[in-house]
Amino acid sequence: MEQPLVSIVIPVYNAAPDLARCIESVRKQTYRNIEVFLVNDGSKDASSPICHMYERIDPRVHVIDKENAGVSAARNTGIAAAQGKYIQFVDSDDYIGKDFLKRMYNTAIEKKSDMVMCNYTKVTERGEIIRKYEINYQEKGIRIPSYLCCNRLVRRQLFDTWKIYFREDIPLILKLEAVATNIQTIGDGEYYYRANPQSTTSTIKNRKLEMWQLPFGELRDAIAFCTDKEHPMTVKDLQAYLANAGISAERKTV
C-alpha cells in the first residue's frame with residue numbers, strides 16, 4: 001500500500017552555502033512519498049539556480065519563486081501549495097537524518113496525533129554538536145512546548161480548518177497547541193538546527209528585543225484564539241506557554 005503524501009516546506013532566502021546539504025537530507029528520507037516545496041523568497045545569491053537544479057533532477061521537488069516578503073510569507077506560500085496529509089517545515093540552513101520523517105509520521109499514525117514534536121540538536125556550520133534539546137512536553141501536569149516550528153509534523157487540515165497562518169512563530173505555535181488533538185513527542189528526531197540569533201523566536205526567548213519590537217498584536221490575537229469556547233486551552237497551560245517563551249504578564253498588557 002502506498003504511503004500517504006507528506007509535504008515538506010523549505011523557505012529559501014540567500015541560503016546558497018547550506019542549501020544543497022538541506023535539500024539532500026530531505027531527498028534521502030526513507031519515507032519516500034513526499035513533495036518538497038522550495039519557496040525562493042527573492043534570493044539575491046545562487047539559491048534560485050540551486051533550487052531549480054533540484055527541481056529538474058527530482059520530480060518530487062517544486063520551486064516557487066516569489067518576491068521577498070519574509071520567512072512567514074514564504075511558509076504560508078508553501079502551506080497553500082501543499083497537498084500532503086501532513087506538513088513538515090525545514091529551514092534552509094538546517095538538515096535532517098534519513099529516518100526523521102518516517103519516525104515522525106509513524107508516530108502520528110500510530111497515536112492518531114495531529115502534531116508530533118521531536119528533540120532536536122543545535123549544531124555549528126560544520127555540523128559539530130553544540131547542544132541537544134529535549135522536549136519535556138508534560139512537566140508536573142503543565143504543558144511545556146517547544147518554540148520551533150521545524151521540529152514538528154503537523155496535520156495540514158489544522159491550517160485549513162482553523163485558518164491558521166504564519167505571521168510570527170510563537171503565536172502560530174500557540175494556536176496549533178490549542179487545536180491539535182493528542183500531541184505526541186518522540187526522542188532524538190534527528191533534526192539538526194543552526195540557530196539564527198536574529199530570528200524572532202530566539203530574540204523574544206532571550207529578551208533581546210526592545211518593547212516596541214515585540215509582536216504584541218499577534219500575541220493578543222493568539223491569546224484570544226486560544227481562550228475562546230472553540231479552543232479550550234486552560235489558563236494554566238497558556239500561562240506556562242507564555243512564561244516559557246519569556247513573555248511576562250506585564251508585557252502582555254502593554
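Colleague: Which side chain does lysine 66 meet in a salt bridge?

Modeller: Side chains of opposite charge can pair when their charged atoms come close. Here lysine 66 meets aspartate 41, 2.9 Å from N to O; a salt bridge is a side-chain nitrogen of Lys or Arg within 4 Å of a carboxyl oxygen of Asp or Glu. Lysine 66 lies in strand E3 (residues 61-66) and aspartate 41 in strand E2 (residues 34-41), so the pair ties together parts 25 residues apart in sequence. Helices (H or I, at least four residues) and strands (E, at least two) are DSSP runs, numbered from the N terminus.

Colleague: What kind of model is this, and how are residues numbered?

Modeller: The model is predicted: local features need pLDDT of at least 70, side-chain atom pairs count only at pLDDT 80 or more, and totals for chains, interfaces and linings use all residues. Residues are numbered from 1 along each chain as its sequence is written, and side-chain values use heavy atoms, with hydrogens and water left out.

Colleague: Is aspartate 41 buried or exposed?

Modeller: Aspartate 41 is buried, at 3% relative accessible area. Buried means under 20%, exposed over 50%, and partly exposed in between (1.4 Å probe, protein chains only). Glutamate 24, at 24%, counts as partly exposed; its salt bridge is with arginine 27, with the closest N and O atoms 3.2 Å apart.

Colleague: How many aromatic pairs are there, and how is one read?

Modeller: A pair of aromatic rings is described by the distance of the centres and the angle of the planes. Rings of Phe, Tyr and Trp (its six-membered ring) pair if their centres lie within 6.5 Å; planes under 30 degrees apart count as stacked, over 60 as edge-to-face and the rest as tilted. The whole structure has 8 aromatic pairs. One of them, tyrosine 120 with tyrosine 193, is edge-to-face, at 5.7 Å centre to centre and 85° between the planes. Tyrosine 120 lies in strand E6 (residues 115-123) and tyrosine 193 in strand E11 (residues 184-193), so the pair ties together parts 73 residues apart in sequence. Both tyrosine 120 and tyrosine 193 are buried.

Colleague: Which residue has its charged end over the ring of phenylalanine 225?

Modeller: Lysine 175, at 5.4 Å from the ring centre. A charge sits over a ring if NZ of Lys or CZ of Arg is within 6 Å of the ring centre and within 35 degrees of the ring normal. Arginine 75 lies over the face of phenylalanine 166, at 5.1 Å from the ring centre.
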